[in-house]
Amino acid sequence: MVVGNWKMHGSSAALVELDGIAEAARHARVDVAVCLPATLLMAAAQRARDPIIGAQDCHAHASGSHTGDVSAAMIADAGARLTIIGHSERRRDHGETDAIVNAKLDTAIAHGLGVILCVGESEAQRREGDPAAFVCRQVAASLPAQARADRLMIAYEPLWAIGSGRSASGEQIATIHTDIRRAVQDRLGDQGADVPILYGGSVTGDNADAILGLETVDGVLVGGASLTAERLAPIIAAA
Ligand code: PEP
């Protein structure tokens, strides 16, 4: 699975990039999704079936007095099939706690969306403590116990690797992914064995092969390098 995250970038003119991304995905026979700003979801979903169109967040409530927010039902209605939940930039910019993330995830799944739950430690947490323990606590607290595993993916995204040009090492990724797998199974039981675990943080065409070659890695979540088909195509080819 290769998932792009356009963050707060893009315009309707930039949707032309989706054509090149779909073309690259067809040749590689790999699942590719692109998570877009809410304003672009409907136009992108109407454009073509591929790549899979995703959102970057949804509100925890199905509807109501929440000015400026977008619900899971609205995202599904726009034609998107999945959404990112709990990205570290939302946890940082909007004070999203594990409890909020947990509620959002529940709502998104209830409305038929696939969910990519993001977890990851900060640089200070890695330096000072036990990053795996922190990340596993995030997984346990962010996952509703009744979450449907067939709609779920987890993305391990160390905060210090996002947008920094410094991806985690293979050993760091493999260690934490193994612990995340255990935490997901503790929370969801046997069905947790099938939940794809992705890596995100400065993935590019240069390091995708090595990262995707790790046994514990089921895919990648890509920010900066997903904005154009030219930059995302080598990552899709590596997958
Ligand atoms: C992200 O935003 O989820 C991400 C991984 O960004 P980048 O690839 O730019 O580090």
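**Loops, sites and helix packing**

Pro-51 lies in the loop between α2 (41-47) and β3 (52-55), where helices (H or I, at least four residues) and strands (E, at least two) are DSSP runs numbered from the N terminus. The model is a predicted one, in which local features need pLDDT of at least 70 and side-chain atom pairs count only at pLDDT 80 or more, while totals for chains, interfaces and linings use all residues. Residues are numbered from 1 along each chain as its sequence is written.

The peptide bond that leads from Asp-50 into Pro-51 is cis, with omega near -5°. A further backbone feature is found at Arg-29, which has a positive phi of about 50° although it is not a glycine; Arg-29 lies in the loop between α1 and β2 (32-35).

The annotated positions come next. The UniProt record, an unreviewed entry, places the feature "active site" at His-87 and Glu-157; UniProt positions are given in the numbering used here, feature names are shortened, and annotations may be inferred rather than shown by experiment. Although these two positions are spread over 71 residues of sequence, they cluster in space, with a largest C-alpha distance of 8.5 Å. His-87 has its place in the loop between β4 (82-85) and α4 (88-94).

Trp-6 is found in the loop between β1 (2-5) and α1 (17-28).

Around the ligand there are 14 residues, of which Ile-162, Gly-163, Gly-200, Gly-223 and Gly-224 come nearest; a residue is near a molecule or strand if its C-beta atom, placed from the backbone, lies within 6 Å of it. By class, this shell divides into 5 nonpolar, 7 polar and 2 charged residues, where Ala, Val, Leu, Ile, Met, Phe, Trp, Tyr, Cys and Pro count as nonpolar, Asp, Glu, Lys and Arg as charged, and the others, Gly among them, as polar.

The helices remain to be described. Two packed helices are described by the angle between their axes and the distance between the axes. The axes of α1 and helix α10 (residues 229-238) come within 9 Å and cross at roughly 15°, the axes being lines fitted to C-alpha atoms, for helices over the stretch in contact, with angles running from 0 to 180 degrees between N-to-C directions. Helices α1 and α10 are therefore roughly parallel to each other, given that angles under 35 degrees count as roughly parallel, over 145 as roughly antiparallel, 65 to 115 as roughly perpendicular and the rest as oblique. In α1, the residues Glu-17, Gly-20, Ile-21, Ala-24, Ala-25 and Ala-28 meet Ala-229, Leu-232, Ala-233, Ile-236 and Ala-237 in α10, two residues being in contact if their C-beta atoms, placed from the backbone, lie within 7 Å. This contact of α1 with α10 divides into 9 nonpolar, 1 polar and 1 charged residues.

Helix α7 (residues 131-142) packs with helix α8 (residues 170-188) at an angle of about 30°, their axes 9 Å apart, and α7 and α8 are therefore roughly parallel to each other. The contact of α7 with α8 has 10 nonpolar, 1 polar and 2 charged residues.

Helix α5 (residues 98-110) also packs with α7, here at an angle of about 45° with the axes 8 Å apart, which makes α5 oblique to α7. Asp-98, Val-101, Asn-102 and Leu-105 of α5 make the contact with Gln-138, Ala-141 and Ser-142 of α7.
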